[in-house]
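Please read them with the sequence and the coordinates open.

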Amino acid sequence: MRIFFAPLVLGLVLAQSAEAASRLGEGALGMPSTLPIDSRCSLSMGGNVIDYGTQSRWQLRDAPSGRNSVTFGKRTLTLSVACSYTQSIRLTLRGERSTSGDLRYGDRGSMIVRLFDAQMDGQSVQIIGTTPDGVINGAAADSRLLQPGESFAAIANGQLVRGKTFTAHLEIEPTLPEADARVSARQMNEANLTLELMN
């Protein structure tokens with residue numbers, strides 16, 4: 001009996017929340033004292049789909065976390081955000097949550113997502129969690145494990161950093177319970193995530 005496993009078709013979706021309203025003020029002669037602020041930013045990722053192809057159980061490795069799970073290995077993508085004007089750049093990871101709290105992968109698996117090597121306008125920065133309304137939450141670090149619904153931003157010297165460009169590496173590692181990798185027919189498992197730019 002041959003054992004087949006078609007592991008991961010990972011859909012990456014990048015989204016931007018509703019644009020902030022333009023701010024106009026009245027100056028002398030009834031003319032606007034400031035021009036409207038263009039808060040739009042473009043988001044890009046190294047690819048929209050990661051496909052691990054077809055693998056058998058014996059091509060997979062034991063996951064470092066143990067717990068009788070196997071992994072397909074790590075893949076790294078580059079996240080880039082470019083804005084027209086200097087502003088704080090805050091992102092939120094969206095996706096279905098697994099029982100472990102990580103992104104759900106297939107029926108019972110999970111996918112670890114780690115953000116690292118962040119830079120704002122070419123300068124190294126740390127990453128910190130934020131609340132939905134943008135208040136700093138937790139401790140800053142050079143890398144951060146992301147879970148669905150969590151927001152994060154760049155920080156330096158205890159303050160959120162403002163800039164025009166933000167780049168970082170995103171490392172993903174899907175895992176399955178070892179028993180779920182022992183199948184007798186082709187099986188497709190997938191995960192979908194969205195990175196949303198928050199205003």
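Predicted model: local features only at pLDDT ≥ 70, side-chain atom pairs only at ≥ 80, totals over all residues.

1. Strand β5, covering residues 69-71, is joined to strand β16, residues 162-177, by 3 bridges, and the two run antiparallel.

2. Strand β6, residues 75-88, runs antiparallel to β16 and is joined to it by 10 bridges, with Q87 standing opposite G163. Strand β9, residues 109-120, is likewise antiparallel to β16, here through 9 bridges, and M111 has P174 as its bridge partner.

3. The C-alpha atoms of D62 and P177 are separated by 9.9 Å, although the two residues are 115 positions apart along the chain. D62 counts as exposed because its relative accessible area is 60%, where the cut-off for that class is over 50%.

4. The largest nonpolar core holds 36 residues, and those with the most contacts inside it are V81, L91, M111, V113, L115, F166 and L195. At least two residues of this core come from each of β2 (41-45), β6, β7 (90-94), β8 (103-105), β9, β14 (151-156), β16 and β17 (188-198). As background, nonpolar side chains in soluble globular proteins tend to be buried together.

5. F166, named above among the core residues with the most contacts, deserves a separate look. Leaving aside residues up to four places away in sequence, F166 touches L79, S80, V81, I89, L91, A118, Q119, M120, I127 and A154.

6. On aromatic rings, a search of the whole structure finds 0 aromatic pairs. A charged group does lie over a ring, however, since R114 is placed over the face of F116, at 4.4 Å from the ring centre.

7. The structure holds 1 disulfide, which joins C41 to C83 with an S to S distance of 2.0 Å. The link is right-handed, with 105° about the S-S bond, and it connects distant parts of the chain, C41 lying in strand β2 and C83 in strand β6, 42 residues apart. Both cysteines, C41 and C83, are buried.

Note on methods
Residues numbered from 1 in each chain as written. Heavy atoms only, no water. Buried < 20%, exposed > 50% of the residue type's maximum accessible area, 1.4 Å probe, protein only. Pairing = 2+ DSSP bridges. Helix = DSSP H or I, 4+ residues; strand = E, 2+ residues; numbered from the N terminus. Phe/Tyr/Trp six-rings, centres within 6.5 Å; stacked < 30°, edge-to-face > 60°. Lys NZ or Arg CZ within 6 Å of the ring centre and 35° of its normal. Core = buried A, V, L, I, M, F, W, Y, C linked by side-chain atoms within 4.5 Å. Contact = heavy atoms within 4.5 Å. Disulfide = S-S within 2.5 Å.
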